[in-house]
Amino acid sequence: MAALRSESWHEPPFDAPLSKAGWSTFASNCDSPETVTVLHTSILVPCTPSLRVPASMTPARAEGASAGAQSPLSPAARAWVFFRRWLAHPLEMGSIIPSSPALGRRIADAVRAGPPGPILELGAGTGAITRAILEGGIAAGRLTVIEIAPEMAEVLRRSFPGVTVICGDAWRLPELIDPAVIGTIATVVCGIPLVLLPLQKQMSLIDAIEAVAPRQGFMHYTYCITSPLPIRALGLEGRRIAWTPLNIPPASVWHYRRLRA
């Protein structure tokens with residue numbers, strides 16, 4: 001992947017479907033306060049201590065505030081990283097556009113109202129929700145984010161000093177999270193588009209979450225009108241805790257918890 005520079009706009013390294021002006025509009029909208037301009041080519045896919053990293057983990061997989069002093073990427077550069085990942089793996093992303101500030105505020109409100117303790121974000125992308133959580137008053141040291149794409153993990157590391165960034169597979173949470181803090185995690189926020197996954201894959205991620213944050217459940221934001229997860233089939237109880245029309249597409253926030261036997 002071509003190097004991204006934060007100080008000025010550079011033409012994408014291959015022919016992009018949008019003009020430079022279109023990309024600038026797209027990038028600026030990712031950080032705009034309330035409104036997002038619908039681009040003419042928009043495509044949507046259907047519908048406390050920080051978490052310490054095991055000493056054996058390599059620097060490429062987990063980095064926090066001490067990992068270098070590189071400057072954050074510009075909004076345009078972050079947007080390009082997000083869109084390029086969407087081109088390569090559309091079913092992993094769920095949408096062509098990062099989550100809006102309006103959705104981020106709904107999630108941040110729910111996180112702030114939750115119990116004290118470490119917070120875990122799964123599928124952080126380029127950090128739209130991460131930014132909202134921090135701007136909502138959560139200390140960076142409480143937040144750990146998991147992102148499977150190395151280029152996005154690098155964006156997160158450069159953008160959010162003090163946040164623990166782990167580049168890894170969320171389905172392997174028990175291997176990624178320090179055993180010393182398993183059971184202390186207060187809140188889990190999931191941005192992975194679970195509705196697109198088969199039932200067994202959904203179940204295995206829920207098992208991984210339960211292994212590191214037992215009985216806490218998890219928040220999940222989605223573009224579905226109804227629950228994106230089959231509650232009965234997965235043995236869950238769930239309720240929608242927030243909704244916003246100021247996202248493209250409109251989005252809901254659900255909270256799920258595994259039913260006790």
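Modeller: Helices (H or I, at least four residues) and strands (E, at least two) are DSSP runs, numbered from the N terminus. The chain has nine helices and eight strands. This is a predicted model, in which local features need pLDDT of at least 70 and side-chain atom pairs count only at pLDDT 80 or more, while totals for chains, interfaces and linings use all residues. Residues are numbered from 1 along each chain as its sequence is written, and side-chain values use heavy atoms, with hydrogens and water left out.

Colleague: What percentage of the residues count as buried?

Modeller: Of the 261 residues, 48% count as buried. Buried means under 20% relative accessible area, exposed over 50%, and partly exposed in between (1.4 Å probe, protein chains only). The chain exposes about 11900 Å², and carbon and sulfur atoms supply 57% of that area. Accessible areas come from the Shrake-Rupley method with a 1.4 Å probe; for residues, only the protein chains shown count as cover.

Colleague: Where does Ser252 sit? Is Ser252 buried or exposed?

Modeller: Ser252 lies in strand β8, which covers residues 251-258. Ser252 counts as buried because its relative accessible area is 1%.

Colleague: Which side chain makes a polar contact with the side chain of Ser252?

Modeller: That of Arg240, at 3.2 Å. A polar contact is a pair of N or O atoms within 3.5 Å; within protein, one must be able to donate a hydrogen and the other to accept it, and residues adjacent in sequence count only if both atoms are side-chain atoms. Leaving aside neighbours within four places in sequence, Ser252 is in contact (heavy atoms within 4.5 Å) with residues including His220, Thr222, Cys224 and Trp243.

Colleague: And Thr222, where is its place?

Modeller: Thr222 belongs to strand β6. Thr222 is buried, because its relative accessibility is 5%. Its side chain reaches the backbone nitrogen of Cys224 at 3.1 Å. Beyond neighbours within four places in sequence, Thr222 is in contact with Pro228, Pro250, Ala251, Ser252 and Trp254.

Colleague: Changing topic, how much space lies in the second largest pocket?

Modeller: About 310 Å³. Of the 17 residues lining this pocket, Gln216, Met219, Arg239, His255 and Arg257 are the closest to its centre. Two or more lining residues come from each of β5 (187-190), β6 (218-222), β7 (236-244) and β8. On a 1 Å grid over the protein atoms alone, a pocket is an open set of points with protein on both sides within 12 Å along at least five of seven lines, a cavity is a set where a 1.4 Å probe fits but cannot get out, and lining residues have an atom within 4 Å of a point. Grid points are joined across faces, edges and corners, and a volume is the space filled by probe spheres set on the points.

Colleague: Which element gives the most to that lining?

Modeller: β7, with four residues.

Colleague: What is the volume of the largest cavity?

Modeller: About 50 Å³. Its lining includes Ile206, Phe218, Tyr256 and Arg257, and α8 (199-212) and β8 each supply at least two of the lining residues.

Colleague: Finally, where is Leu194?

Modeller: Leu194 is in the loop between β5 and α8. Leu194 is buried, because its relative accessible area is 1%. Its C-alpha atom is separated by 8.8 Å from that of His220, 26 residues apart along the chain.
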